[in-house]
Each structure stands twice: as structure tokens, then as C-alpha cells.
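Please open the structure in your viewer and keep the selection tool at hand.

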Amino acid sequence: VFSGSYSDILIEREVLMQKYIHLVQIVETEKVAANQLRHQLEDQDTEIERLKSEIVALNKTKEKMRPYQGNLEDEDPDIKKIKKVQSFMRGWLCRRKWKTIVQDYICSPHAESMRKRNQIVFNMVEAESEYVHQLYVLVNCFLRPLRMAASSKKPPISHDDVSSIFLNSETIMFLHEIFHQGLKARIANWPTLILADLFDILLPMLNIYQEFVRNHQYSLQVLANCKQNRDFDKLLKQYEANPACEGRMLETFLTYPMFQIPRYIITLHELLAHTPHEHVERKSLEFAKSKLEELSRVMHDEVSDTENIRKNLAIERTIVEGCDILLDTSQTFIRQGSLIQVPSVERGKLSKVRLGSLSLKKEGERQCFLFTKHFLICTRSSGGKLHLLKTGGVLSLIECTLVEETEAS
């Protein structure tokens, strides 16, 4: 247990170091970009002052020439040509300088960061479109047809089982259809793009995922039980043969919502990495990311607790005598397996052992279960049921001392 915890800490430390290095690189890039922009601003200020002085000089010249411009038709043709050439030259110089400014920005780190940010947004829209399509297939190719089948004269599945398998997947589909339409509307207003308020609308409704994620393992278990019915299994294979499923099974579609919130967290993390600190949406995106991470942690803890309780109860049901210690919710399952109990022989006689008597010729196979607080030792009967050993079947680990072997052998 200690070794595993230390490995987790090392992994977390490595992840944090990678994030720290990444943030340091972003800060350095932002510093370089800010320095370049500062120099450009200074150059532009100088250019503005020069242009102002030229305008003042031109106005003075215009004032002097005004009495002689009463009749433009009498102006010398050569003067007209010179003015036309000067006008073309001024336009060419202005366009060349503007082109230089644009090219410098295109090659700047800030522009590169904005291009990456835009690509992340486009990828998020494509991923959301694909996810909505997956939910549409789940609801229209499986949920709704099975509801109709459950109402038939000879139903291959009950309405309760349909509700247990799909739970609130239809509500999740409606939610993401609304979110996807909002994303497409924002993309239509490109290059003006505001996403933070969309996440503000989405966040309060994401609690429906808690119920779905908490129920996921149970829904797969109910589905596996329903497949034991040949009529249901045959009907399900017909649904899975639909071209819209692309060869995927129902279990695959039921698993897609499990990864959606972690996907949003990753997308927001990448988006923030390419969002300047002074950006108008940065605080809103950081808030959305923190809320999603908090929701993800809560769901992970709930799923772990639920799976642990179900695992403990499943083991307790296989033991004929029952086992009260497994009804403790803080008792966490670690692993199980078979161990061979070798008989101890001294001077040709079978010695007494704590874990039950054995014959001289036959080794004993024990089914063992390791929990955080106890170690169970069982024997398996011919019917597949388990029996706790009468002596030493339940060993308490609370007062045990952990001894680690330092040598590799």
C-alpha cells in the first residue's frame, strides 16, 4: 500500500513538473511577444509624430498656395502629372508599411498562439458534433426501439430494465444538442468568438452526469443479465447491425458519456494555455475548468465507493456462511486469488496447522480475498460456493506489521 502511494506521488510530481515547465515556456513566450509589441508601439508613436509634423507643413503650404488655385483648369499639366505620381508613391509607401506590420504580426508568437487557440476551438466543435451523433444513435437506435419492445405483447425486456440500462441518456442528448447549436452559432460570428457564457449555461446542468456515471456499472450488469434472454439478445443484434452503429455494440455507446467531462477539462486546459492573461474570457474559462474538475472528482469518488460496495456484496453473497465484516463500507477490496496450502510434515506425521487439517498426500487450494482491514481464506465447494475456514478464516490486518524485503530475490 505504501509503495503504491509513493508511486502515485511520484507520478503526480512528474505531471506537475511538466505543467510547470509548460507554463514557464508560455510566460517566456508572452514576455518576448510583449517586448516586440512594445517596440512596435514606440516605432508607431515616432511615425505618428513625423506624420503630424508633415501635416502641419502641408497645411502651411496649402495656405500659401490657396490664392493661386482659383482656377484649377489653368494649372500646368506637368504639375498635375507630378501630383499624380506623388499620390501613387504615397499610397505605395503606405501599403508597403502596412504589409510589413501585418507580416511581422503573422510571424509573431502571439499570432501563432492565437492560431493554435482557434484550432482547439474548431476541434472542440467537431468533437461535440461527433458526440451528439453518438448520443443520437444511442437514443434512436437502441433506447426508443427497446421502449416499444417493452410494451409489446411478449416483451423481451421490461420497462424497469430499459430505465436501468439507459437511465437519463435521452436528457443528456437534449442538453448537448442545445450546447452544440450554441457552438455553431458562435462559430458563425467568426472572428468574434465568445465561449465562456456557453459554459456558464452548461455547468449547472452537468449534474445529470453524476447519476449516469454512478449508474454505469449497474447498467452494464443489467444489460449482461438481459442478454441471457435469447429473444432480447437476437433483437439487440438486429439493432447493432444498423449501419448507423458502424459495427459498434450497445456497451460502447453507453460508455461514451463517461469520458465527456474529462474531455471538456482537457480542452479547457489547452484553451487556457493559449489564452493571454489579459484576455476578456480567461477568468470565465478558468472558473469553468475548476468547476468541471470539482465535478469530476466528486463523480470519481462516488463511482469508487459504489463499485467497492457492490464488489464487497458480490463476494459476501458467494460465501455460504455470510461474512459480516464485508458489510463495513470502509472495507475496501484490494485483490483476490488462489493460494496453495502445503501440508507440514514432521517425522512422517502430519503436524497441526492453523488453517485447517490436510491429508499427507494432497495439497489444499484456498481462495483468498485481501481487503484493507481483513484477509479472508475460503475453500471452494463442488457447487462453486465458498466456505470460510472454521479456524483462521478471517484474519484481522489492523494490528499487522508490514515487512518489506529489501533484496530483489
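Two rings of Phe, Tyr or Trp (its six-membered ring) form an aromatic pair if their centres lie within 6.5 Å; planes under 30 degrees apart count as stacked, over 60 as edge-to-face and the rest as tilted. A search of the whole structure finds six such aromatic pairs.

The model is a predicted one, in which local features need pLDDT of at least 70 and side-chain atom pairs count only at pLDDT 80 or more, while totals for chains, interfaces and linings use all residues. Residues are numbered from 1 along each chain as its sequence is written, and side-chain values use heavy atoms, with hydrogens and water left out.

**First stop: the rings around F179**

Select F179 and F199. Their rings form an edge-to-face pair, with 5.6 Å from centre to centre and 65° between the planes. This pair links distant parts of the chain, 20 residues apart: F179 is in helix α5 (residues 169-188) and F199 in helix α6 (residues 196-202). Helices (H or I, at least four residues) are DSSP runs, numbered from the N terminus.

Because F179 lies in helix α5 and Y264 in helix α10 (residues 260-273), the pair ties together parts that are 85 residues apart in sequence.

Are F179 and F199 buried or exposed? Both are buried, a word that means under 20% relative accessible area, whereas exposed means over 50% and partly exposed lies in between (1.4 Å probe, protein chains only). The relative accessible area of F179 is 4%, and Y264 counts as buried at 2%.

Select F142, F253 and Y256, which form one aromatic cluster. Next, select Q134 in helix α3 (residues 109-150). Leaving aside neighbours within four places in sequence, Q134 is in contact with R248, F253 and Y256; contact means heavy atoms within 4.5 Å. Q134 is buried, with a relative accessible area of 11%.

Move to I315 in helix α11 (residues 282-318). With a relative accessibility of 5%, I315 counts as buried. Which residues does I315 touch, not counting those up to four places away in sequence? They are L326, F333, Q336, F369 and F371. Finally, select L386: I315 and L386 are 71 residues apart in sequence and 9.2 Å apart in space, C-alpha to C-alpha.

Terms used. Helices (H or I, at least four residues) and strands (E, at least two) are DSSP runs, numbered from the N terminus.
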